[in-house]
Amino acid sequence: MSNAMYNKMWHQTQEALNSLLDKESQLLEPQRNQVFIFQTLATYYIKYVQIFGNLENVYDQIVHPQKRRLIRKILDGVMGRILELKNEMVELELTEFHYFDDILQDLKLAPQQLDIPIPKYFLKEKMDVIKEREKILAQILAASGLDVTDTVWRGFHQNKKTEREREEEMVFLGMNPPPLFNKVSATIIQAEKVISLRNEVQSRHEEDYKEALITIKDSLKLVEGTDIKENLQDQIRHWFIECRNLTGTFPNYPKEEEGGSAVIFSNKTTEQVIDDIIASQEEDEKTKKKKKTKKEKKPKNAKKDKEKKETKEKNKEEDEGWKMSPSVFLPTMEEGNNVYKDLWKNKDESWNFPQDYDPELIKEEKRKELESEIRVQVDELMRQELKNLKLAVNREKELPAKTGKKGGKKKNKGKKGKKGKKDKDLTADRTIESLYKELVEEGLLIQALKVNLSDYIGEYSYLGTTLRQVSIEPMPSLLDVRQLIALYGVLPLGSAAVHEKAPLVKSLLLAGPSGVGKKMLVHAICTETGANLFDLSAANIAGKYPGKNGLQMMLHMVFKVAHQLQPSVVWIGDTEKTFYKKVPSAERMMEPKRLKKQLPKILKLLKPDDRILIVGTTKRPFDAELQSFCRVYQKIILIPRPDYASRYVLWKEIIQRNGGVVTNALNISCLAKVTDGFTQGHIVQVVKGVLTDRRIHQQIHKPLTAIEFIESITSMSPVYQEEEESFKDWYSKTPMGRKRALALTGDTTEKEKDKGKKKEKKGRKEKKKK
């Protein structure tokens, strides 16, 4: 695709965003109809996901440096808004996953189009850092002989390579037909060439742009600096004189920390400034009179009255119905959209075929910058001039403004208080490199396997809506799970702008039977965002850093490194052990509950600008003490065993990935039916067992059949329906599960009564269990 095509795509996406922003600004009335509210939220959500996909693509491909800056700003805004809307839907429906079947039909979209795109810039922009870190990690692991995962991985790659070479040799000898991929390889090679060229152009233009920012500013300073200075001085002198003419006295000059003369002249003409002077003079007269009367009237128990008023308003709000929560990201998108409309929408770019930076735009931006720098110098001179004027003309005594001083003092106090509170750094004398090395050697910082979120294969559940209509809670589909991981894990970790302002998710729990890919998802979060992976599973920390002080030191080191080298994922495998109701005697020596008291404290310390996510995985959540478990894990994602549709896709994909060829002789539908209750782990194990090198090469004469795979499945035990039910039962006891159940069973009268009692978020219709 050419630059022009991506530009066109950008313009179309901006149009779509513009109309969506218009719609958002119209939804001001409080709503009562639950169905309408959900439909609105879901429609916005789906449309933003589509816009997100297009913008991500455009941002990745456009080479114009100034456009990319704007697109990036809007892209982060869109991501944040998606997370806000998701949060609204969760609060409304009291469930982590939702069904949009009817809305998708109206918008003529397939459920797969709801897949959350993962911006390529997450990795692209820190590729050097990631590569460097991987290199260091590999060196430390090799030096300390801990290189286990690496050998597995290397072995896997070596096998693949040998296989491919053998295949090529057979083709060369004419014993095998040339494989299919040879036909497309030329196109693929060409596409890859185009991508790498585009990346080169992108970074070249970026460098040129950064250079131009400096050179253009310097030349502006030479050419226009003196004029700017003189104009500012004239403007300010005019203000002095007018002020004295109108009020009889010279004005007070705004202090530097208040913004200097910029406060008075920001985007105003001199005439407007004069009007302001007159208006403020009249205002002063009024407030003086008012103040006198107010002082006498102020009641003692103003605080109580305020509280009463607040509760009254709260109740009024509750009765009025649901209103959309204020968004932090809408202003960002609107601002970006306005810049687009003013600058780019109708811009003639026929002169800029290579899509390099636009010097005129830099001039405008730098002119403003230069003006504010010169203004600081001019303010210094003019303050002195004003002093002299006052002395010469009025002999006015200057009284120092009291308010400014007071404010200043208070500020300092606040700062001191904060410092005292800060936790003592236990490793103030050590470098981050040395801490990193120690954590790797202790096996607490591990190498994440390279798996993408898209490798988590699954299908959409087409029965979800039907089941919900008859009040049966379906298990989420594998596609739902993948979306939740993208929304709660990948997007906030990948983008600092999103993490800081979006609804904050500090911890995630992945619960589901063995073999459904929980660990794989943890590794995928790290792969997609370039995050470090720390392993604080009970078995892994057993015997390390013993005693109370040791534990404190271990956690201090982990979170110090996690913070310094963010984004980071802190993984706690078999996390039910940390919260055991009763520790099995065989595990007592391991002290599995070491972290139980520490985790809630750590969570409290995590701030919006710490891109650290705690992820727990468990196949036996029922063994944990529910209350403290749920206090640590903010979001709980149930991971089901794959349904028929997902098993069908899995069998096909895993067979092909392991060198198998799918022909008509292989009945995949039969395999998918027979393996009800079997997990991804089972399928991978079976396929690898059947597809030996020898069997792969026999395929030409002897195609694969379902029976070969079924034979090796018989020795494995599936996940029975009962086990899945026990996960559902357990989930219904968690805070979210309980709220959902009550919302479904509690009749409306109870809910209405309850509203007054419980101060809950607007629009939630539920009853809290006493």
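**Overview of the predicted protein chain.** Helices, taken as DSSP runs of H or I with at least four residues, and strands, taken as runs of E with at least two, come to 31 and six respectively in the protein chain of this predicted model. Of the 770 residues in the chain, 44% are buried, and the chain exposes about 43,300 Å², of which carbon and sulfur atoms supply 55%. Among contacts between residues at least 6 apart in sequence, 84% join residues at least 24 apart.

Gln-680 belongs to helix α26, which spans residues 680-690. With a relative accessible area of 9%, Gln-680 is buried, because buried means under 20%. Once its neighbours within four places in sequence are set aside, the residues in contact with Gln-680 are Tyr-456, Leu-478, Gly-515, Val-516, Pro-642 and Leu-650.

**Close-up of helix α28 and the helices it packs against.** Helix α28 covers residues 706-713, and its buried residues are Ala-706, Glu-708, Phe-709, Ile-710 and Ile-713. These buried residues pack against α24 (644-657), α25 (668-674), α26 and α27 (693-698); α26 is also the helix in which Gln-680 is placed.

When a disulfide is taken as a pair of cysteine sulfur atoms within 2.5 Å, the count comes to zero.

Notes. Residues numbered from 1 in each chain as written. Predicted model: local features only at pLDDT ≥ 70, side-chain atom pairs only at ≥ 80, totals over all residues. Heavy atoms only, no water. Buried < 20%, exposed > 50% of the residue type's maximum accessible area, 1.4 Å probe, protein only. Contact = heavy atoms within 4.5 Å. Areas by Shrake-Rupley, 256 points an atom, 1.4 Å probe, with all protein chains shown as cover.
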